Amino acid sequence: MDRFRVVERALRGAAPHDLLEAVRDTLTVHYDAVSVDLLVADYAMTILQPVDALPYTADPISVHTSAPGRAFGAQEAHVETDEAAGAVTVHLPVSVRGDRLGILTVRLPADAYDSVTARELEDVAEVLGHEIVVAERDTDLYLQARRADRLTLAAEMQWQLLPGRSCSRPEYELGAQLEPAYAIYGDNFDWSTSADHLTLTVTNGMGEGIEAALLTNLAINALRNARRAGLSLPDQACLADQAVYGHYRGDVHLSMLLLRFDLETGEAEVIDAGSPKMWRMRQGRAEAIELEAQLPLGMFEDTLYATQRFHVEPGDRLLFVSDGVYNVASPAGERYSERALTRAMASTRLLPPSQVPRAMLHELAGHRGPIDAEDDAMIVCLDWHGRS
């Protein structure tokens with residue numbers, strides 16, 4: 001009997017809310033597991049919470065100072081050995097195409113754990129990740145488990161709009177984060193990939209609360225509608241501009257960076273329509289990429305947009321930040337601008353893109369000090385590998 005296939009079939013056939021029970025039962029029977037737990041990362045990506053505990057009552061586990069957190073950060077299995085009990089505990093990353101969801105923790109007898117079992121458990125965790133993504137269409141269980149606190153309605157709308165928080169392909173790696181995670185307003189990001197292109201959108205919305213979230217939802221869905229119709233980058237921007245202006249008649253607007261990368265050549269088209277900024281780290285040197293500014297979406301009727309071009313090389317890191325990052329002031333009034341950003345990019349250069357936004361936002365909080373944030377902040381990190 002192929003025991004991995006048995007576990008896989010059990011997960012495929014489980015009810016959306018029953019994935020943990022399915023993997024727990026089959027690993028107990030076929031792998032002699034003593035215990036099986038599923039932890040998911042919260043919205044702020046700072047803690048891991050058990051799925052089988054009610055929201056707000058679970059004991060969170062730190063991403064930074066725990067064995068499961070070590071596996072989550074490294075995205076590699078981490079093994080703890082209990083020689084006295086003759087058992088091992090394996091913490092396995094649960095991810096989908098680079099998007100980090102959580103950790104599957106399996107405790108089993110030491111004599112039942114070998115290299116074959118290790119590989120099979122890693123495959124089980126991967127299948128579980130895919131099933132969680134599918135199950136979230138039909139159950140709130142995994143989204144509830146991610147909450148260390150209650151989300152504002154605006155934040156709920158913004159998180160549901162996102163494609164994920166990280167993504168990886170041979171040609172590139174992406175990581176992104178919004179802050180404050182439980183009360184985000186209008187900042188957002190979106191991406192889509194095809195066989196030959198990556199389209200990336202970084203938006204900085206106007207206003208606060210529900211109004212900011214509604215504005216961003218309108219713009220993002222207009223851009224998606226145009227992209228899925230096969231329109232060019234300028235036409236995508238024009239359609240979104242018309243949608244925002246048609247609804248708000250110029251009373252509000254939305255700033256945006258819209259980019260399209262050719263995966264084969266590294267050639268990129270970009271439309272700079274507002275305040276999100278782009279930085280590049282190449283061969284250890286960080287620098288701002290100056291673009292020709294165009295009008296934000298929805299400011300005037302029938303605005304025309306034009307693309308600029310630039311080239312990314314294998315090894316380049318691009319960083320996109322909203323004004324909630326580079327306009328933050330310290331208690332002494334110093335802006336978190338060019339010098340601080342280049343320093344932060346240098347200090348995080350060895351981290352993978354999935355960890356860079358969280359690390360930089362942590363540094364930003366230290367720069368701001370005890371002062372409450374006046375604006376939401378967004379960081380998107382893109383590592384370019386290119387095609388061999």
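Which residues lie nearest the centre of the second largest pocket?

1. The model is predicted. In it, M45, V63, H64, Q355 and R358 lie nearest the centre of the second largest pocket, and the lining comprises 15 residues. The volume of this pocket is about 280 Å³.

2. Two elements give two or more residues to the lining of the second largest pocket: α3 (67-74) and α11 (356-368). The greatest contribution is that of α3, with five residues. Sorted by class, the lining of the second largest pocket has six nonpolar, six polar and three charged residues.

3. The largest pocket has a volume of about 820 Å³. Its lining is made of 28 residues, and those nearest the centre are D99, V133, L162, P163 and G164.

4. By class, the lining of the largest pocket divides into 15 nonpolar, eight charged and five polar residues.

5. The structure holds two of 30 Å³ or more. The largest cavity contains about 60 Å³ of space.

6. The residues lining the largest cavity are M45, R100, R165, S166, A176, Q177, S354, P357 and R358. At least two residues of this lining come from β8 (172-179), and at least two from α11. The classes are represented by three nonpolar, three polar and three charged residues. M45 and R358 line this cavity, and M45 and R358 are also among the residues nearest the centre of the second largest pocket.

7. The crossing of α1 past α2 is right-handed.

8. On the α1 side, the contact is made by R3, F4, V6, V7, A10 and L11; on the α2 side, by L19, A22, V23, T26, L27, H30 and Y31. By class, this contact has ten nonpolar, two polar and one charged residues.

Key: Residues numbered from 1 in each chain as written. Predicted model: local features only at pLDDT ≥ 70, side-chain atom pairs only at ≥ 80, totals over all residues. Heavy atoms only, no water. Left-handed = near helix turned anticlockwise from the far one by under 90°. Helix = DSSP H or I, 4+ residues; strand = E, 2+ residues; numbered from the N terminus. Contact = heavy atoms within 4.5 Å. Nonpolar A, V, L, I, M, F, W, Y, C, P; charged D, E, K, R; others polar. 1 Å grid on protein atoms, 1.4 Å probe; cavity = no way out; pocket = protein on both sides within 12 Å on 5 of 7 lines; lining within 4 Å. Points joined across faces, edges and corners; volume = space filled by probe spheres on them.
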